Each structure stands twice: as C-alpha cells, then as structure tokens.
Amino acid sequence: MSGTDIAFFLLALAAIAGGVTMLQLTNVVHMVIALVMTFVGIAGLYVLLSAEFVAVVQVLIYSGAITIIMLFAIMLTRHHTDERERQTTGGVWHRAVAAISVIAFGLAVYFGIRQLDFGADGSALSGDNAKAIGKSLYSYYTIPFEIVSVILLVALVGAIVLAKKDGKEAGDE
C-alpha cells in the first residue's frame with residue numbers, strides 16, 4: 001500500500017465517520033461540526049485527485065459559508081427544547097446496526113473497486129489547474145460569473161429582509 005492509498009482510506013474514513021456521526025447526534029450545533037468534518041474529508045480527497053481548486057472551493061464554500069448559514073439559521077429560529085420534547089436516535093441496537101452497515105458498505109466498496117482499472121494515473125493533468133480554471137472563468141465565463149454574484153447578493157439581501165421582518169413580528173407579540 002502506498003502513502004496515497006493510506007491517505008485515501010483515512011480521508012474517506014473521516015468523511016464517512018463525519019456523516020454517520022452527524023446522523024447519530026441530537027444537538028444541531030454538534031451535527032454541523034460533524035458535517036464540517038465530512039466536508040474537510042471530501043476536500044482532502046479532492047487534493048488526492050489533483051483537484052486543488054475544487055478542494056479550496058469545498059473548504060471555503062461548504063465548510064465555511066454553508067456551515068455559517070446553517071448556524072445562523074439555527075440561531076434565528078426559536079428552539080424550545082424541553083427534556084420531554086427531545087427525541088432520541090435509538091439505543092445500543094440502533095448504533096450497532098449503523099456501525100455494522102458502515103463496515104459492510106466499506107468492505108463492499110473496497111472489494112468492488114480493488115480489481116478495477118481506472119486507466120491513466122492522472123500524470124497527464126495540468127500542473128496548475130487552478131490557473132487554467134481562473135483563465136477560463138474570467139475570460140469565457142465572465143458574464144455568467146457576474147450574473148451569479150448578483151443573484152447571490154439579491155438572495156443575501158432578501159434573507160436579511162425576511163429575518164428583519166420575522167424579528168419585528170416576534171417583537172409585536
């Protein structure tokens with residue numbers, strides 16, 4: 001086994017463990033932290049695939065922005081958590097079945113792809129793919145890029161207006 005294989009298995013394990021942990025937790029903030037672990041594991045897998053730009057975008061957009069949006073959504077909504085309202089995710093049997101399922105899935109994937117021939121090893125890839133993406137993004141796709149940025153800005157302003165409106169209605173009660 002090479003170092004790349006070991007890194008792949010560790011990053012894949014981190015991504016899967018983050019996803020399974022997220023499903024097992026009951027606190028929403030802890031779920032977001034487990035989701036960040038999954039996103040960072042997937043970004044590491046992108047680095048192994050020589051897609052550094054996609055890895056950076058994964059960390060910035062998903063691990064950063066989406067997680068912050070989730071936390072703001074959690075903080076802006078009212079949560080009344082009483083002990084009687086809390087739902088559990090199951091007992092020991094539920095966790096054991098989840099662990100056995102993850103292990104069985106991992107083994108099935110391992111034995112399923114072990115004999116596959118993926119063709120080229122990626123040595124033909126451009127050494128500076130971020131530069132190539134940047135050139136194409138800002139030369140051929142300038143207008144769509146700017147349109148998407150304006151749409152995102154409008155969505156941000158709309159979210160702020162809706163949050164302010166909900167805050168005024170909550171103060172009226």
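Tutor: Happy to! A pocket here is found on a 1 Å grid over the protein atoms alone: it is an open set of points with protein on both sides within 12 Å along at least five of seven lines, and its lining residues have an atom within 4 Å of a point. Rolling a probe the size of a water molecule over the atoms shows where empty space is left. The model is predicted, so local features need pLDDT of at least 70 and side-chain atom pairs count only at pLDDT 80 or more, while totals for chains, interfaces and linings use all residues. Residues are numbered from 1 along each chain as its sequence is written, and side-chain values use heavy atoms, leaving out hydrogens and water.

Now to the second largest pocket. Its lining has 14 residues, and F9, A12, I16, G106 and L107 lie nearest its centre. The volume is about 440 Å³, meaning the space filled by probe spheres set on the points, with grid points joined across faces, edges and corners. Helices α1 (3-24) and α4 (92-113) each supply at least two lining residues; a helix is a DSSP run of H or I with at least four residues, numbered from the N terminus. The largest share, eight residues, comes from α4. By type, the lining has 13 nonpolar residues, one polar and no charged. Nonpolar covers Ala, Val, Leu, Ile, Met, Phe, Trp, Tyr, Cys and Pro; charged covers Asp, Glu, Lys and Arg; the others, Gly among them, are polar.

What about the rest of the protein? There are six helices and zero strands.

Look at Q58, in helix α3. Q58 is buried, at 7% relative accessible area, where buried means under 20%, exposed over 50% and partly exposed in between, using a 1.4 Å probe and protein chains only. Q58 touches residues including F39, I42 and Y46, a contact being heavy atoms within 4.5 Å. E52 also lies in α3, but at 37% relative accessibility E52 counts as partly exposed.

Conventions:
On a 1 Å grid over the protein atoms alone, a cavity is a set of points where a 1.4 Å probe fits but cannot get out, and a pocket is an open set with protein on both sides within 12 Å along at least five of seven lines; lining residues have an atom within 4 Å of a point. Lists of a residue's contacts leave out its neighbours within four places in sequence.
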